[in-house]
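This report covers the fold, core and chain contact of one model. The sequence and structure come first.

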Amino acid sequence: MIGVGHYLVVAAALFSLGVLGLLTRRNAVSVLMSIELILNAANVNLVAFSRYSAGGLGGQVFAAFVIVVAAAEVAVALAIVLTLYRLRRTPNLDDADILKG
Amino acid sequence: MHDLTRSLAWFRPETALALGLLAVVLVDSTLVAWRGFATRAIAAASLAVALGFVLELQAAGAQGTLFSGMLAVDALASAFKLVLVAAGLLTVLAFSFRNSRELHGLGQGELYALVLALVLSCLLLAAANDLVMLYLALEMVSLTSYVMVAYLKGDRMSNEASLKYILFGAASTGSMLYGLSIFYGLAGTTSLPGLQEYFAGGVPDANRFAVYTATLLALAGFGFKVAAVPFHFWCPDVYQGAATPVTALLSVLPKAAGLAIALRFFYGALSIPRQGPWDLSGGIDWPALLMLVSVLTMTLGNVAALTQTNMKRLLAYSSIAHAGFLLMGIVALSENGARGLLVYLAAYLVMNLGAFLVVTLVHLHDGSFDLRDYPGLYRRAPLLTLAMAFCLLSLVGLPPFVGFLAKLYVFAAVIEQGMGIYATIGAVNAAIAAYYYFKVLKVMTIDAGNEEKPPLRLALVDQAWLVFFLLANVVPLFYWEPIEAWARGALVHYAGR
């Protein structure tokens, strides 16, 4: 029988993979994909809690909002990555290094 | 239906800003020659109208929730809204596309639309009473700030700054969201009063770990907004890469809104109000956690600022250090702490915007943000140097400047709770900070150099604003009664529950 625990484990795994990707990836697009994993981990949590423990549709509505916000965020982020590419011909984050100190 | 009509009546400041935003976008798309001037006027007008509505809210003493509990209307939210709208209005009026060399020749409409969107989202964040609203408002603040930082499109520094900002921000708010989802799972509700009810009922030991993890993750989001260590890495780069007026705005608005929601979250959900010090609920000692963050923030900010020569970076580290002092108000977990936070924010607003205005004006005339180009300013621009001196002394926290009273409030609140060591660390930090603020002052007044350069010809408007910031750093001290009353009145909501 699949219960809320199984969903939480999947979500925790997604979250960990996302954080791992954030820390290890150097390509800006891969980093954005890792961030999507983190957001979707939260979504799985929200929907699972809404279905199994909390009752009501609050969690599912929250998840729907998160999906929309994530899309907006990626739109802005990709525009910025595109500008990075135009200015330096690379999507590699290690090359963005003029600001430091 | 009744809820909706009543909500709209208390939603006037936000409505004014939203309408102003639409008007700016419309006017900007007409392509008439004077649209730059018009968009700025519309932005200033809608901020002024919003300010009037906030004052009306405050005078009416409105209490309650809007839109089925999504937003809170109480004295605390109104007080934060006053600071936020005032910050937006001062920035729009004191800074312009004329006096910022970086913004010369760029389209104005988009930036003013973004400014209005930023103020609007900060108002929503400061009043959020539900985890959904909290997350949406936080993301709206973030998205508008990312775009504002990237405004200098062909500039590599601006691009790099916004890239670092968005990656860092998305990671922080993502982690925060994961934490919020755990809170939802525990309490079965997304409303902050619902969370308070749940935690007040006592948390079973089995859930302790989950609460602790969720709090830590939520702290990532708040910490990112207020630029607290260890979520501060974006701050110096973003402040340096963004156009200076944008930096000035970002140094006040998201920080103030982040502190407002942190206060609302920690006081409103994770503690139980009482007379005097409050009780913790949820079984975790979050003030100790925040105290650690606050100590690290002020120490790292101040130590890193010591060696900076770029004025924007220096002010960035200084703003990180001030975030540490501001957090003292939340750590105190008392009404005096919350009051100290409000007073500190109001003072921080004038001293920080004033310092950024001086930096902008020097860059307009000399084209440099480098402290090594600052010698001789005393002779070339006496008024500007005097205004900078007042802002810096206020940032140090010396009497008779407003920064002194701000520090007095938060330190008193912390000492009152018996956290003497914490206050001592704060005092040592204030002394370290004095070193680099005085260093800037020394370079401007005593150091020799730039003898051949002509005096700065400041525009009349800029001179007027310098005088304004100069006075704003001193005069309030002699009319303290209303400010004290304002800050005291802001806590009505918490005392009443």
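This is a predicted model: local features need pLDDT of at least 70, side-chain atom pairs count only at pLDDT 80 or more; totals for chains, interfaces and linings use all residues.

Residues are numbered from 1 along each chain as its sequence is written, while chains are lettered from A and ligands numbered from 1 in the order in which they are written.

**Chain B overall**

Chain B has 21 helices and four strands; helices (H or I, at least four residues) and strands (E, at least two) are DSSP runs, numbered from the N terminus. Its radius of gyration, taken over C-alpha atoms, is compared with a globule rule of 2.2 Å times the number of residues to the power 0.38. Chain B is as compact as a globular protein of its length, because its radius of gyration of 22 Å is close to the 23 Å given by the rule for 497 residues. Two residues are in contact if their C-beta atoms, placed from the backbone, lie within 7 Å. A residue is buried if 20 or more other C-beta atoms lie within 10 Å of its own, exposed if 12 or fewer, and partly exposed in between. pLDDT is the predictor's confidence in each residue, from 0 to 100.

| Property of chain B | Value |
|---|---|
| C-alpha box along the principal axes | roughly 75 × 55 × 45 Å |
| Buried residues | 62% of the 497 residues |
| Mean pLDDT | 91 |

**Core**

A nonpolar core is a set of buried Ala, Val, Leu, Ile, Met, Phe, Trp, Tyr and Cys residues joined through C-beta atoms within 7 Å. The largest has 238 residues, and B:Leu84 and B:Val119 touch the most other members. Helix H14 (residues 335-366) of chain B contributes the most, 20 residues. Beyond four places in sequence, the residues that B:Val119 touches include B:Leu17, B:Leu84 and B:Leu253.

**Helix H18**

The buried residues of H18(B) include B:Tyr422, B:Ala433 and B:Met444. Among the elements covering them are helix H12 (286-305) and helix H17 (402-416) of chain B.

**Contact with chain A**

The contact takes 34 residues from chain B and 33 residues from chain A. On the side of chain B that touches chain A, H7(B) gives the most, with 19 residues. The predictor gives the complex an ipTM of 0.96 and a pTM of 0.95.
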